[in-house]
Amino acid sequence: MSENIVLTTGIYDLIKDHLRRRKTTIQEEEILLGQLKTAKQVRRKELPEDVVTINCEVKIKDIASNEEEKYLFVDAKNEKVKKGKYSILSPIGLATVGNKVGDQITWPFEEGEKKIEILGSAGDQFDLSNLFFQICLVMGAISLVLTKPKLRGIFFILQINGVF
């Protein structure tokens, strides 16, 4: 485990709120409170790429069984375990958030204490797909405006309203 975890201010506040609502076990709460006391808070753009955070795909190895599994950590409302999307506030999310690739973590999971290692992390999966979607929208709108001059006024109104 990293000496000090690194969190964005938003994730730091999210975990504190989660603890206030008593959504963790006593053991998890003790670990998280200790981590939060020494956590380094940074802006999203300052977060190192190898640190586990929200919208981040992480490869984790169970040290005892030598099994590896990938997780995509998302906001709680977007959790879909069957699709491999886990809430950043799930036990595996809380165990790894703020830690970096190469860290070994001992965590009190529901089925017992486990030691895991973070093998890899790829952040901002959703941000890249969202950017691609936005580029496609803009390109489609420009294409329409060039081929149908009557739509220029509509495009201009949408642009003023921040759609494009």
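Trainee: Which residue has its backbone oxygen 3.4 Å from a polar atom of the N99 side chain?

Mentor: This is a predicted model: local features need pLDDT of at least 70, side-chain atom pairs count only at pLDDT 80 or more, and totals for chains, interfaces and linings use all residues. Residues are numbered from 1 along each chain as its sequence is written, and side-chain values use heavy atoms, with hydrogens and water left out. A polar contact is a pair of N or O atoms within 3.5 Å; within protein, one must be able to donate a hydrogen and the other to accept it, and residues adjacent in sequence count only if both atoms are side-chain atoms. The backbone oxygen here belongs to A95.

Trainee: Is N99 buried or exposed?

Mentor: N99 lies in the loop between helix 3 and strand 6. Helices (H or I, at least four residues) and strands (E, at least two) are DSSP runs, numbered from the N terminus. Buried means under 20% relative accessible area, exposed over 50%, partly exposed in between (1.4 Å probe, protein chains only). N99 has 0% relative accessibility, so it counts as buried.

Trainee: Which residues does I15 contact, leaving aside neighbours within four places in sequence?

Mentor: Contact means heavy atoms within 4.5 Å. In soluble globular proteins, nonpolar side chains tend to be buried together. The partners of I15 are L7, L32, L36, L89, L94 and V97.

Trainee: How do strand 3 and strand 4 run?

Mentor: Two strands pair if DSSP finds at least two bridges between them. Strand 3 and strand 4 form a hairpin with five residues between them, and N66 in the turn has a positive phi of about 65°. Six bridges join these strands, and their direction is antiparallel.

Trainee: In strand 4, which residue is the bridge partner of V58?

Mentor: V58 belongs to the covered face of strand 3, along with C56, I60 and D62. E57, K59 and K61 make up the uncovered face. E57 has L72 as its bridge partner in strand 4. For V58, the partner is Y71.

Trainee: What is the angle between the ring planes of Y71 and F73?

Mentor: Rings of Phe, Tyr and Trp (its six-membered ring) pair if their centres lie within 6.5 Å; planes under 30 degrees apart count as stacked, over 60 as edge-to-face and the rest as tilted. Y71 and F73 lie 6.0 Å apart, centre to centre, and are stacked.

Trainee: Why do Y71 and Y86 count as an edge-to-face pair, and how far apart in sequence are the parts they tie together?

Mentor: Their ring centres are 4.8 Å apart and their planes stand at 65°, so the pair is edge-to-face. Both Y71 and Y86 are buried. Y71 lies in strand 4 and Y86 in strand 5, so the pair ties together parts separated in sequence by 15 residues.
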